Amino acid sequence: MMDAIVASDTPMLVMTSPTNARYPLVENLVIGRDPNSGLVIPDRRVSRQHAQIVQREDGFVLLDNDSKNGTFVNGERIAGEYHIQDGDEIEIALCCQLVFVGTGATAPLSAVGPHGQAQRANPMSIVLDVKARRTWIGGLEIQPPLSLAQFRLLRLLWSEPGRVFTREEVACEVWPGEAAGGISEQAIDAVARRLRERLADVGANKMIVTVRGHGFRLLVPEQ
């Protein structure tokens, strides 16, 4: 059972788990763990470029990119192409649930449990919408959106949770096109500090860890 919102004039994906978010489908969309994907799902069970949705003359096609843990539609694992229809439920590696909503259809707003209670997302789950630069943590969207520098830093750290990224790697990712040696440590520390402050707004202020003498890492419990 799901609540519903008003009809949409743009086809979209609606994420119902681990959090609630909407992704308009205005062009081809890559779904995966790679931080450059259009819809980033930073979960180890998700392949780097897990699947993609392609718009064609006769509608939208879902393709599984030979992912390790599979792409499922309405409970069935797909192979090759699948023409998705209004209301189709898509599961990515059995850890992320999406619903396809065509034009004029109503989009589900939030999933509820068997007794009508709202399902809560993992409190540390992260979903990134790269194109719109939107961020959800534990089902809560960070508002206003992160700055471009903050978003790039979070995206980098989430690409490999637990790994320590050096300051040089951070500088190259956050300020692309500029010489890493020209970015001061104060500037890097300022972005990390401000990102921590923004994450604190949704109760995740301890996720960014400074490893003195080395760099930064993202501390996230296993989902």
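When its neighbours within four places in sequence are left aside, Ala-192 is in contact with Leu-153 and Phe-216, contact being defined as heavy atoms within 4.5 Å. The model is a predicted one, in which local features need pLDDT of at least 70 and side-chain atom pairs count only at pLDDT 80 or more, whereas totals for chains, interfaces and linings use all residues. Residues are numbered from 1 along each chain as its sequence is written, and side-chain values use heavy atoms, with hydrogens and water left out.

Ala-192 lies in helix α3, which covers residues 185-200; helices (H or I, at least four residues) and strands (E, at least two) are DSSP runs, numbered from the N terminus. Gln-150 is 42 residues from Ala-192 in sequence, and the C-alpha atoms of the two are 7.3 Å apart in space.

Helix α1 (residues 148-159) packs with α3 at an angle of about 85 degrees, and their axes are 9 Å apart; axes are lines fitted to C-alpha atoms, for helices over the stretch in contact, and angles run from 0 to 180 degrees between N-to-C directions. The two helices α1 and α3 are therefore roughly perpendicular, the class for angles of 65 to 115 degrees. On the side of α1, the contact is made by Ala-149, Gln-150, Leu-153 and Leu-154, and on the side of α3 by Val-191, Ala-192, Arg-194, Leu-195 and Arg-198. By class, this contact of α1 with α3 has six nonpolar, one polar and two charged residues, where Ala, Val, Leu, Ile, Met, Phe, Trp, Tyr, Cys and Pro count as nonpolar, Asp, Glu, Lys and Arg as charged, and the others, Gly among them, as polar.

Elsewhere, strand β4 (residues 29-32) pairs with strand β6 (residues 51-56) in the antiparallel sense over three bridges, pairing being assigned if DSSP finds at least two bridges between two strands. Val-30 stands opposite Gln-52 of β6. Strand β6 also pairs with strand β7 (residues 59-64), in the antiparallel sense and over six bridges, and Ala-51 has Asp-64 in β7 as its bridge partner. A hairpin through two residues joins β6 to β7.

In the protein as a whole, the secondary structure comes to three helices and 19 strands, and buried residues make up 47% of the 223 residues.

How values were computed:
Angles under 35 degrees count as roughly parallel, over 145 as roughly antiparallel, 65 to 115 as roughly perpendicular and the rest as oblique. Buried means under 20% relative accessible area, exposed over 50%, partly exposed in between (1.4 Å probe, protein chains only).
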